[in-house]
Amino acid sequence: MASSFLSFLLLCSLLFFISPSLAKTPFRPKGLLLRVTKDSSTSQYLTHIKQRTPFVPLKVTVDLGGKFLWVDCEDYISSSYKPVSCDSKLCTLANSHSCTSECYSAPKPGCHNNTCDQLFYNPVSRVSSSGQIGQDILSLESTDGRNPGKLVSVPNLAFTCGYTSSLESLANGVKGIAGFGINNISLPFQLSSAFRLQKKFAMCLSSSPQAEGVIFFGDGPYVMLPGIDSSKILSYTPLLINPVSTSGAYFAGDASVEYFIRVKSIEINEKQVKINKKLLSITEEGKGGTKISTVNPYTVLETSIYKAVTKAFVKALSKVPRVKAVAPFGVCFSAKHIGVTRVGPAVPTIDLVLQNNGTVWRIWGTNSMVNINDNALCLAFVDGGADAETSIVIGGHQLEENLLQFDFGSKTLGFSGPLPFWRTTCANFNFTSV
């Protein structure tokens, strides 16, 4: 109870740092939004932010389980940048474990004396490093849930300074990582505090690299053309906290900032797959369980689960000829022998049964299959190895064309199912300003 009260006080302190935005903004937005695209070369989901004075547009990779925003500071120029001192409340709020007492060069963003440090992580290259925490202005679009609105600004949004070398394996032109995880200084946490929004954000990833998806900050409506409010079609399941960090950069005792859910069983064509259900629970050491990731392009399964699922799927689709597998996939079928429906290839459904038999995350063909070429359709699940840290990692392909609402106030996940069922898609948000 004491730690919860302390966290509340620290969040109030953070409002002190960023609340001037409310005075500078002529209205309080109902919500905020970011436009999201899929990079065809890397399958990373990218968004653009405007940061610094004068504003500089930055392309960053979206990491659902990332702790915070970090950007390359080697060419960082801004008149509004502020280093965060080691003895500040914001440094405590950021859960920093180190401090730069003296930086051996001329002062600049990422190099100041007596400045709060933070570990940051590139989840694609899996390389971590330490950088200084700073604050600067960030501008993004407001929204009423139907159209974009006026630009609004947060003058002192906290982020961490990285380095050019930290950008390895990120998509071309990317300058950092936008972290959306369960952390006091992640983007959703800071933006909800700055504008007193509902403690929620919603993500709708387009499957097409040529079309924009959208991330909303705040509560619904989340309206897609031709007028479908996707906030009204959500099913809900609890979000879980893994007591042990699953990040590549953490300190002993840190809990995970990633989003976990409880999967009780897996069904194919409504028939339960025989798996070791102990793997579906999170152990005291933080192993097992199911998490959601925008960094993994496809769902990753622990080896025994992978073998059981692929075997059951092949059996359920036994009338369709197999073709040679195409890496990284282990099971592929003849595309010429599979029909097409509104929700993708006509293949068996894969159900993740959640907290009860009535709450099911159903994966249809549009999210379970990948079209390799005219001859091959592959099951979009990959083998994560026998010693996988997390038993199921739901990847980006399985998230596309679904709206997911992460409510970190009530610790629940809302999920829509494939929007094509409702004759719309994640690319159907009306980005035309009114």
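On a 1 Å grid over the protein atoms alone, a cavity is a set of points where a 1.4 Å probe fits but cannot get out, whereas a pocket is an open set with protein on both sides within 12 Å along at least five of seven lines; lining residues have an atom within 4 Å of a point. Grid points are joined across faces, edges and corners, and a volume is the space filled by probe spheres set on the points. The structure is a predicted model, in which local features need pLDDT of at least 70 and side-chain atom pairs count only at pLDDT 80 or more, while totals for chains, interfaces and linings use all residues. Residues are numbered from 1 along each chain as its sequence is written, and side-chain values use heavy atoms, with hydrogens and water left out.

By the grid rule, one cavity of 30 Å³ or more is counted. The largest cavity has a volume of about 60 Å³. Its lining consists of Ile 266, Thr 299, Leu 301, Val 309, Ile 350, Leu 352, Ile 363, Phe 381, Ile 392 and Ile 394. At least two lining residues of this cavity come from each of strand 20 (299-301), strand 25 and strand 30 (392-394); helices (H or I, at least four residues) and strands (E, at least two) are DSSP runs, numbered from the N terminus. The lining of the largest cavity comprises nine nonpolar residues, one polar residue and no charged residues, where Ala, Val, Leu, Ile, Met, Phe, Trp, Tyr, Cys and Pro count as nonpolar, Asp, Glu, Lys and Arg as charged, and the others, Gly among them, as polar.

Four bridges join strand 17 (residues 265-268) to strand 25 (residues 350-353) in the antiparallel sense, and Ser 265 is placed opposite Val 353 of strand 25.

Strand 21 pairs with strand 22 (residues 332-334) over two antiparallel bridges, and Val 323 has Cys 332 in strand 22 as its bridge partner. The loop between strand 21 and strand 22 holds Pro 328, which is joined to Ala 327 by a cis peptide bond with omega of about 10°.

Another cis peptide bond runs from Gly 220 to Pro 221, with omega near 15°; Pro 221 is located in the loop between strand 12 (213-217) and strand 13 (223-224). Asn 114, a residue other than glycine, has a positive phi near 50° and is situated in the loop between strand 6 (98-100) and strand 7. Most residues other than glycine have a negative phi, and most peptide bonds are trans.

The second largest pocket has a volume of about 830 Å³. Of its 35 lining residues, Tyr 121, Pro 123, Arg 126, Lys 291 and Asn 296 lie nearest the centre. Strand 3 (56-63) and strand 7 (115-122) are the elements that give two or more residues to this lining, and strand 7 gives the most, with three residues. The lining of the second largest pocket has 14 nonpolar, 15 polar and six charged residues.

How values were computed
Two strands pair if DSSP finds at least two bridges between them.
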